[in-house]
Amino acid sequence: MMDSLILRTGVRLLLPLMLLFSVFILWRGHNEPGGGFVGGLICAVGFALHALAFGVKAMREMLKVDPRSILGTGLLIGILPGFLGAFSGEPYMTAQWLGALGTPVLFDIGVYLVVVGAILAMVQTLMAEGDE
Amino acid sequence: MNAWLTAAPILIPMFTAALCMVAWKYPVAQRVLSLLGSLALVIVGGSLLSIVLDQGIQVVQMGSWAAPFGISLVADPLSALMILIAALMGFCVALHALGDIDPVRERGGHHPIFQVLMTGVCGAFVTGDLFNLYVWFEVMLISSFVLLSLGGLREQIDAAIKYVCINMVATACLLLAVALLYGVTGTLNMADLSVRVPAVPSQPVISAIAVLFIIAFGMKAALFPFFFWLPATYHTPSVSVQAIFAGLLTKVGVYALIRVFTLIFTGDTEWTHGILMVMAGITMIVGVLGSLAARDLNRAWSWQVVAHIGSMVMGLAIATPLALAAAAFYMVHDIVVKTNLFLGAGLVRRMAGGSTDYARLGGLFKSAPWLCLLLFVPLGSLAGFPPLSGFWGKLLLVRAGLDAQHYVMVGLLLLTGLLTIWLVGRVWAEMVWKAPAEPPADTLSSLPFARSYALVMPLLLLSLITVSIGLQPERLINVAGQVGESLYDTSAYVQAVLGTTPAPQPTQLGALETGAAP
């Protein structure tokens, strides 16, 4: 944890911006460069900055859930939409479309959560050494 | 329905792992999930094998992307057999882990990561795409790094560093080989490769790439010049992890060798299979000598893992249908026995107070006569005593070797067997007959009933498998025969994946002695 007023003030502004931007990147990944992985990284960096400014404990309180549970949920969200093809007798992971919206978006959201969960779990473990 | 069954060996453990991670804070829920998931995998493995044997090779194209472009999952007799046996080991070890894994390791995530490991193993068995195979190897390796260092003891970290380093090199080799092969042929689908590789104009390039594959998979399988990491690492993690590593991980390397060198690199067999033959021979001898030199039960078993890898690769190197069948049979036998031996060594260590050094062992017949009886099954099977599974495996290999006139290899195999009997005799004397150095530290009866039950049941189950293979070998020999046939003549595999009969290039082993096809 860094005791810096500039960083703390900056992070207060940066965190919501980065979260918004990460969701934008995730959404953009549907048809253009971007996607769950990059978006997840940006989101995780936002929270990591928060941990740097206010400490891991504050980050954990803000998250409310264990990062590893986020990881597991993401994995589930990634796996489950693949089964939707079963209703039309197609193999696993065949994309199902409802207009322009399809299961690949759900898969991307899963990837996003897996990346956020994994990176935050690492950040939490590595920074806890110094803090507690 | 069959398409879903083919994908299920990957989906079930992955789903289980995800659920276990969601339940990160609740170890009890994780235990139940891990056990149920492993049981489901056994059921799926059994039905997949019976369907493959009944109806032929099962193929599913992920996401409906057509064959050479998308990723195909293929269950041929070898894949299905390996998945069933891996699932059985997964179940036994998951059961053993209920009694064996301490709360610290459980909080560290043993159960979800174990399921990720099973995902990687099953994925490697079922994939029909070379790059995808690389990915499953990575999944398997990364989870094995975690399992190896979980617990954080000094010797574990030491072992983990060696293991990570050697595997990085092996992975780099594999990636390089895959990239080169893609550059030469423009495809990564294994069935497509088996059609295109013989048509490549410069065959020496293919031979060079084949050697890279031997190096990459040889490191994973612990073949002769690349085996040194195995005895240095396998004795350090918790018993459940040791057992699943010894039972499955190196065999995935052997499986990959068998797959690649029966399906893709079948042109220059004199060169590639010649190299494999030499490596197999030296691996057997070095492994068994190492196991005799060790003064510690766990280390001796680690060396034995190396020795018997040599026997399986010998079957691959001879490459007749009988030899390939023998390799498959031997692999099944060896996976069961090695898992059993490491679980048994764990129980012995528990009783000897945390060490399996020969000096600390002894008097097992007095303190736990039933355990002795249980341990005799894998020991006898390892040595190849007649009614047990090891005998039939060796018999098939010797038959195949004599038929193909590889007398030196047969001699080495028999010598290895003889030295293994010596080792088993010595272990029995040290462990069972010798008077103990000090009274047993911890007998199983002092544990809560459920826990000792969870510890011992897997041994009983595995011993039952060994005995039933031994007493009724025809069924497994029949299955192995089908495996051998399907590996020798791969046209059915290619047809199943690509949907057409690629007539111009022969894909049978050794059928390309005339050089490059047009």
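**Helix packing and chain contacts in a predicted model**

In chain B, the crossing of α13(B) and α18(B) is left-handed, a crossing being called left-handed if the near helix is turned anticlockwise from the far one by less than a right angle, and right-handed if clockwise. The model is predicted, so local features need pLDDT of at least 70 and side-chain atom pairs count only at pLDDT 80 or more, while totals for chains, interfaces and linings use all residues. Residues are numbered from 1 along each chain as its sequence is written, and chains are lettered from A and ligands numbered from 1 in the order in which they are written.

To return to this helix pair, α13 spans residues 297-318 of chain B and α18 spans residues 407-433; helices (H or I, at least four residues) and strands (E, at least two) are DSSP runs, numbered from the N terminus. Their axes come within 11 Å and cross at roughly 160°. That makes α13(B) roughly antiparallel to α18(B). Here axes are lines fitted to C-alpha atoms, for helices over the stretch in contact, with angles running from 0 to 180 degrees between N-to-C directions; angles under 35 degrees count as roughly parallel, over 145 as roughly antiparallel, 65 to 115 as roughly perpendicular and the rest as oblique. On the α13(B) side, Leu297(B), Ala300(B), Ala307(B), Ser311(B) and Met314(B) meet Met409(B), Leu413(B), Thr416(B), Leu423(B) and Val427(B) of α18(B), where contact requires C-beta atoms, placed from the backbone, to lie within 7 Å. These residues divide into 8 nonpolar, 2 polar and no charged; Ala, Val, Leu, Ile, Met, Phe, Trp, Tyr, Cys and Pro count as nonpolar, Asp, Glu, Lys and Arg as charged, and the others, Gly among them, as polar.

A second pair joins α11 (residues 239-263) of chain B to α14(B), with axes that come within 7 Å and cross at roughly 165°. That makes α11(B) roughly antiparallel to α14(B). The crossing is right-handed. Among the residues that meet are Ala243(B), Lys251(B) and Ile258(B) in α11(B), and Ala327(B), Lys338(B) and Phe342(B) in α14(B). The residues of this contact divide into 12 nonpolar, 5 polar and 2 charged.

Next comes the core. The largest nonpolar core has 225 residues, and those with the most contacts inside it are Leu81(B), Val313(B), Leu316(B), Ala328(B) and Phe329(B). Such a core is a set of buried Ala, Val, Leu, Ile, Met, Phe, Trp, Tyr and Cys residues joined through C-beta atoms within 7 Å; a residue is buried if 20 or more other C-beta atoms lie within 10 Å of its own, exposed if 12 or fewer, and partly exposed in between. Helix α14 (residues 321-351) of chain B gives the largest share of this core, 21 residues. Beyond its neighbours within four places in sequence, Phe329(B) is in contact with residues including Trp392(B), Leu396(B) and Ile477(B).

By comparison with those cut-offs, Phe228(B) counts as partly exposed because it has 15 C-beta neighbours inside 10 Å. Phe228(B) lies in the loop between α9 (203-221) and α10 (229-233) of chain B.

Chain A has 5 helices and 2 strands, in the pattern α-α-α-α-β-β-α along the sequence. Of its 132 residues, 36% count as buried. Where the chains meet, 16 residues of chain B are in contact with 16 residues of chain A. On the chain B side, α1(B) supplies the largest share, 9 residues.

Technical notes:
Two residues are in contact if their C-beta atoms, placed from the backbone, lie within 7 Å.
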